[in-house]
Amino acid sequence: MMAEKAGKATNGGEAEKSLKDKGNEFFKAGNFLKAAALYTQAIKLDPSNATLYSNRAAAFLSLVKLSKALADAETTIKLNPQWEKGYFRKGCVLEAMEKYEDALAAFEMALQYNPQSAEVSRKIKRLGMLQKEKQRAQELENLRSNVDMAKHLESFKSEMSENYGTEECWKEMFSFIVATMETAVKSWHETSKVDTRVYFLLDKEKTQTDKYAPAVNIDKAFQSPDTHSNCFTYLRQYAEESFSKAACLVTPKSSISYPQVWKGQGSRKWKLGQNDGIFVQFESPSLRKVWFIPSSKEKGQTLCREPQALDINAHEILPRIFKEISKSS
């Protein structure tokens with residue numbers, strides 16, 4: 001009886017080995033489904049063999065059956081906690097799941113048990129890079145979706161409070177410029193363009209809202225000196241007749257063929273590079289301001305940078321729209 005049992009054990013071991021070898025051949029040939037099936041048969045004959053679970057984890061990973069692959073990797077570790085291969089399999093599956101921090105921890109465990117493994121070291125280096133890229137992609141998405149222009153305009157807020165006596169007045173204007181900027185930036189992030197328009201802060205009590213809209217398209221304004229001159233003449237009249245308190249021009253840099261005032265000399269020269277972006281010019285009777293919001297591409301995403309305040313005497317896009325009044329008026 002003892003000899004028979006020994007013989008059966010030997011035959012079972014040979015059968016398991018034969019199934020594993022056949023599974024390996026199918027795996028090398030790229031037939032991962034067949035390989036996984038053969039490893040499963042071998043596991044039934046030898047359910048405590050860590051190598052079989054490791055091999056099947058690799059097959060499941062190649063079949064993108066990630067939950068099954070992870071379960072087999074965990075079983076590999078449980079059956080042989082000091083074998084680096086289980087941690088390596090686990091790391092590969094977690095990497096495929098884009099769980100980079102967990103994957104990195106698994107690969108570092110693998111390296112503890114096999115410090116000489118160049119393969120594991122390469123994985124750790126790659127995972128570190130992927131983790132940084134994922135974090136940066138998340139940061140970019142946060143920047144794109146959480147647009148907050150007010151924090152970039154603190155100095156302008158102080159300037160407004162000095163120029164306008166009542167808090168109610170300057171707060172209304174500040175909210176107007178922030179909302180206009182944020183709408184432009186969000187449009188740029190979504191479509192990489194903005195319409196060339198002048199937005200007006202209308203007087204709620206005096207403006208005939210059925211006659212005057214809060215925005216005017218001026219997409220033809222920069223085609224020639226004549227269209228430019230006609231445009232700001234019209235805007236001056238519109239601002240006066242609509243009893244507007246303030247106005248805000250929004251235009252992409254690429255739309256301006258005339259006038260390119262930043263091509264002047266010395267301090268007037270354009271210094272913000274070749275990137276496209278958005279000009280925002282604020283107009284009111286006692287305060288004028290112009291900003292350029294640079295745009296760039298990162299990881300295939302369009303991202304607006306912090307608005308750069310410009311000297312309006314050098315870089316005005318349109319001449320003064322409102323009649324100038326002093327601070328004391």
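Visitor: How do α4 and α5 pack, and at what angle?
Guide: This is a predicted model, where local features need pLDDT of at least 70, side-chain atom pairs count only at pLDDT 80 or more, and totals for chains, interfaces and linings use all residues. Residues are numbered from 1 along each chain as its sequence is written, and side-chain values use heavy atoms, with hydrogens and water left out. Helix α4 (residues 66–79) and helix α5 (residues 84–96) have axes 8 Å apart, with lines fitted to C-alpha atoms over the stretch in contact and angles running from 0 to 180 degrees between N-to-C directions. The angle is about 160 degrees.

Visitor: Roughly parallel or roughly antiparallel?
Guide: Angles under 35 degrees count as roughly parallel, over 145 as roughly antiparallel, 65 to 115 as roughly perpendicular and the rest as oblique. So α4 and α5 come out roughly antiparallel.

Visitor: Which residues of α5 does α4 meet?
Guide: Contact means heavy atoms within 4.5 Å. From α4, Leu66, Ala69, Leu70, Ala73, Glu74, Thr76 and Ile77 take part. Their partners in α5 are Gly86, Tyr87, Arg89, Lys90, Val93, Leu94 and Ala96.

Visitor: Over in the largest nonpolar core, which residues have the most contacts inside it?
Guide: A nonpolar core is a set of buried Ala, Val, Leu, Ile, Met, Phe, Trp, Tyr and Cys residues joined through side-chain atoms within 4.5 Å, and buried means under 20% relative accessible area (1.4 Å probe, protein chains only). The largest one has 28 residues. Those with the most contacts inside it are Phe156, Ile278, Val280 and Phe282.

Visitor: Which element gives this core its largest share?
Guide: Contributors of at least two residues each include α8 (154–163) and β4 (277–283). The largest share is ten residues, from α9.

Conventions:
Buried < 20%, exposed > 50% of the residue type's maximum accessible area, 1.4 Å probe, protein only. Helix = DSSP H or I, 4+ residues; strand = E, 2+ residues; numbered from the N terminus.
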